[in-house]
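Subject: Model handover

Hi,

My notes follow below it.

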Amino acid sequence: MNIIIVGCGEVGKTLAEELNTADNDITVIDTRSEAIADLTARLDVMGVIGNGATLSAQEEAGVRHADLLIAVTESDELNLLCCAVAKKSARCKTIARVRNPEYSDEAPFLREQLGLEMLINPELAAANEIARILRFPSAIEIDTFAHGQVELIKFRLPEDSVMVGMSVKDVAMKLKCEILFCTVQRGDEVYISKGDFIFKGNDVISLLASPRNASEFFNRIGYKMRSAKDVMIAGGGSMTHYLSSMLGKDGMAVTVIEPDRALCEDLSVKCPKVKVLEGDPTDKSLLAEAGIERMDAFVALTQFDEENILLSLFSKSACKGKAITKINRIEFDEVISRLALDSTIYPKHITAEIIARYVRATQNSMGSNMETLYQVIKDKVEAAEFVVHEASAITDIPLLELKFKPDVLIGAIIHEGQVLIPRGHDMIRPGDSVIVVSKLLELHDLTDILK
């Protein structure tokens, strides 16, 4: 695909890195010459210095022959204007990042009138992910496939768990749950789960299952499944507005601490059931007065990464609840991953991943379409959902007779609405959805997993 990315901030850089494959020709546009120079020096991409909303800059970037323009500057209005110009001048597909809640409320109108393929709000997307985690606080991360029929759940194994010392095969035989273990992270090592793999305490495990079967499995290993009831949020910006509304609908009691009076008043009006306290969220006495010790979860959503990290670490000593930390700068994610944080949320990375998922899904062959894509472990393991449209080398043959490439798992098959954790005699048929977990990045067709 010929792709133009307008804006070389964190999201733009991440998109350029993820989409810079042999199948794509990437051109980036930015007014900052140093940003263009940095990106073109590191990646095999073209660069244009200029205003991405002008026809001249877009034409220099090749918009007449572009398949997709993605506008991810810091300005919502500029992003929408970029897409409007591209749509009128070249009729290419367009995606805009829009952060203002007022625009998000009118997303259907904007998509229709401007012909946008996607309008994505980073704060709303991140709030959705946080809400999913708070419904199952023991999880580190939860992703969904097949319209919610299958969940990919990542969790840390307690040192006193019944699974410690057991192999994947032992757990399957003794617990008799319809789940599939996918990956295990142990320090810096990453493993695709095989039958003889032995679990250890503090392993970070990902598994695939239907919501019902996942619940049954976690109950059998003594893992808490109930959702959070009392949640404290530090910071009162747009993400807090979205999250508070979601949690209120789930019956959770929400307390927000925000130093800005105007934000406090706005949140109180828009979310009247939320308890809003004006004050410094780093004030330990205020946190104690607000009842941090009885909270089921603490969510740090201030504007400063360092503050969010310190608040989350403090909350872990002050209460037994889940700590969720928002991180804006994604370049230090490897360092942050080594801290004793429960769950970290990167809005900019979520935005880039959603857009990259859309691009990958449009590059499919005729045999099977990629519907959903998640990075289970960044740059190491992906989970992809394919919809099988026609017969191929992988269909109507028992799985045990197929020769797969190394480090590939068929995680689940959705056949006629039923979720199957596959066994050797199961077959993939046209019309099925198939979830694949693999270390092979850049899969485009389901048959790519065959030797």
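How do the residues of the lining of the largest cavity divide into nonpolar, polar and charged? Four are nonpolar, two polar and three charged. Here Ala, Val, Leu, Ile, Met, Phe, Trp, Tyr, Cys and Pro count as nonpolar, Asp, Glu, Lys and Arg as charged, and the others, Gly among them, as polar.

Ground rules. This is a predicted model, with local features requiring pLDDT of at least 70, side-chain atom pairs requiring pLDDT 80 or more, and totals for chains, interfaces and linings using all residues. Residues are numbered from 1 along each chain as its sequence is written, and side-chain values use heavy atoms, without hydrogens and water.

Cavity

The whole structure was searched, and one cavity of 30 Å³ or more turned up. A cavity is a set of points, on a 1 Å grid over the protein atoms alone, where a 1.4 Å probe fits but cannot get out. The largest cavity holds about 40 Å³ of space. Volume here is the space filled by probe spheres set on the points, with grid points joined across faces, edges and corners. Its lining consists of Glu 141, Ile 142, Asp 143, Leu 152, Ile 153, Lys 154, Ser 206, Gln 375 and Val 376; a lining residue has an atom within 4 Å of a point. Strands β7 (139–145), β8 (150–156) and β18 (368–377) each contribute at least two of the lining residues. Strands (E, at least two residues) and helices (H or I, at least four) are DSSP runs, numbered from the N terminus.

Antiparallel sheet

β7 and β8 also belong to an open sheet of five strands, ordered β7-β8-β11-β9-β10 with antiparallel pairing. Two strands pair if DSSP finds at least two bridges between them. β7 and β10 (189–192) are the edge strands, each pairing on one side only. Neighbouring strands are turned by 15° against each other on average, direction ignored. Six bridges link β8 to β11 (204–209). Phe 155 has Ile 205 in β11 as its bridge partner. Helix α9 (211–220) lies across β8, β9 (180–186) and β11, at about 25° to β8. Contact means heavy atoms within 4.5 Å. Axes are lines fitted to C-alpha atoms, for helices over the stretch in contact, and angles run from 0 to 180 degrees between N-to-C directions.

Parallel sheet

Six strands make another open sheet, β14-β13-β12-β15-β16-β17, with parallel pairing. β14 (275–278) and β17 (343–345) stand at the edges with a single partner strand each, so one side of each has no neighbour in the sheet. β12 (230–234) and β13 (253–258) pair over five bridges. Asp 230 stands opposite Ala 253 in β13. β13 and β14 are joined by four bridges, and Ile 257 has Leu 277 in β14 as its bridge partner. Helix α13 (305–318) lies across β12, β15 (297–300) and β16 (322–326), at about 175° to β16.

Pocket

The second largest pocket holds about 890 Å³ of space. A pocket is an open set with protein on both sides within 12 Å along at least five of seven lines. Its lining has 29 residues, with Pro 137, Ser 138, Lys 224, Lys 320 and Lys 322 nearest the centre. Eleven are nonpolar, six polar and twelve charged.

Best wishes
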